[in-house]
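The points take up helix packing, a hairpin, aromatic rings and charged side chains in turn.

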Amino acid sequence: MTSFAPDSIVLNRKLPLWYQVSQSLRASILGRSPQDPLRLPTEEQLAVHYGVSVLTMRQALKELEDEGLITRHRRRGTFIEPNALRTAPVRLLGSVDAIVAQQSGMTTELLEHGKGPVPPELAEYFPDLDEVGTYHRLRSDEKTGEPTNHARNWVRPELAARLDPEDLVRWPMTKVLRDVVGADISRITDTVEARLADPETAQLLQVPLLSPILHYTGVTYDTEGRVLDAAVIHYRGDRFSFTVTLEAT
């Protein structure tokens, strides 16, 4: 019987190996095609694939089993649960002023800006556009100078044409759009996920490769329901947490 072939990964020896392996295998499982086999290679084969011990591999598999992504059967092997679904993202909804406050209080460096296509993962937000304004910023702690997050924004071209990039060094994008450009913002939807730092993020934030980070996507809408701005921000996992307060009515 053919076995599922997981992606490869370069391990960071400063982080728990079982955690890195479990997250890599988890991503492979959730990103698999429907026609891919459900049977996983043996523990020994997976250990060789990832370059870890069988004990480490066993711990990684237990993590996925506890999550319900795989089932393990004595003498039969380990199988992917075909109906396993991705965990729903945590969505944080609040006032625009709360978003502005969240983005404030740091030193900002504008790394680049210009025009470009919308990334495929954000294309649903700009179905009528082939090109948008693009901005990439790095934020650092005002006192220590330590980088804390880097942000990319994709802005509707008619708004980008009225936006002074230097304003983004002084203020958050949300404040510039609302108070300087005059955009009629109705709501912002935030999605936060736990991820591992890719090479670019690790270099910009000065953290080890595959360190835990918070991957934030913020989508800004106007009163007509159009997306004005889509932002993707990578926060250092050791510097940020998000809190949601629910009030009884």
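**Note on the predicted model**

1. The crossing of helices α1 and α3 is right-handed. Helix α1 covers residues 17-30 and helix α3 covers residues 54-67; their axes come within 8 Å and cross at roughly 50 degrees. Angles under 35 degrees would count as roughly parallel, and those from 65 to 115 degrees as roughly perpendicular. The two helices are therefore described as oblique to each other.

2. The segment before α1 contains P6. Is P6 buried or exposed? Its relative accessibility is 11%, and buried means under 20%, so P6 counts as buried. The C-alpha atoms of P6 and R32 lie 8.8 Å apart in space, although 26 residues separate the two in sequence.

3. A hairpin is formed by strands β1 and β2. Strand β1 (residues 70-73) pairs with strand β2 (residues 77-80) in the antiparallel sense, over four bridges.

4. How many aromatic pairs does the structure hold? There are two. One of them joins W18 and Y19, with 6.1 Å from centre to centre and 85 degrees between the planes, an edge-to-face arrangement. W18 has a relative accessibility of 25% and so counts as partly exposed. Y19, also at 25%, counts as partly exposed.

5. Y216 and Y235 form an aromatic pair as well: their ring centres are 6.1 Å apart and their planes stand at 90 degrees, so this pair is edge-to-face. Which parts of the chain does the pair tie together? Y216 belongs to strand β8 (residues 212-222) and Y235 to strand β9 (residues 227-236), so the pair links parts that are 19 residues apart in sequence. Both Y216 and Y235 are buried.

Technical notes
Residues numbered from 1 in each chain as written. Predicted model: local features only at pLDDT ≥ 70, side-chain atom pairs only at ≥ 80, totals over all residues. Heavy atoms only, no water. Phe/Tyr/Trp six-rings, centres within 6.5 Å; stacked < 30°, edge-to-face > 60°. Buried < 20%, exposed > 50% of the residue type's maximum accessible area, 1.4 Å probe, protein only. Pairing = 2+ DSSP bridges. Axes fitted to C-alpha atoms, helices over the stretch in contact; angles between N-to-C directions. Parallel < 35°, antiparallel > 145°, perpendicular 65-115°, else oblique. Left-handed = near helix turned anticlockwise from the far one by under 90°.
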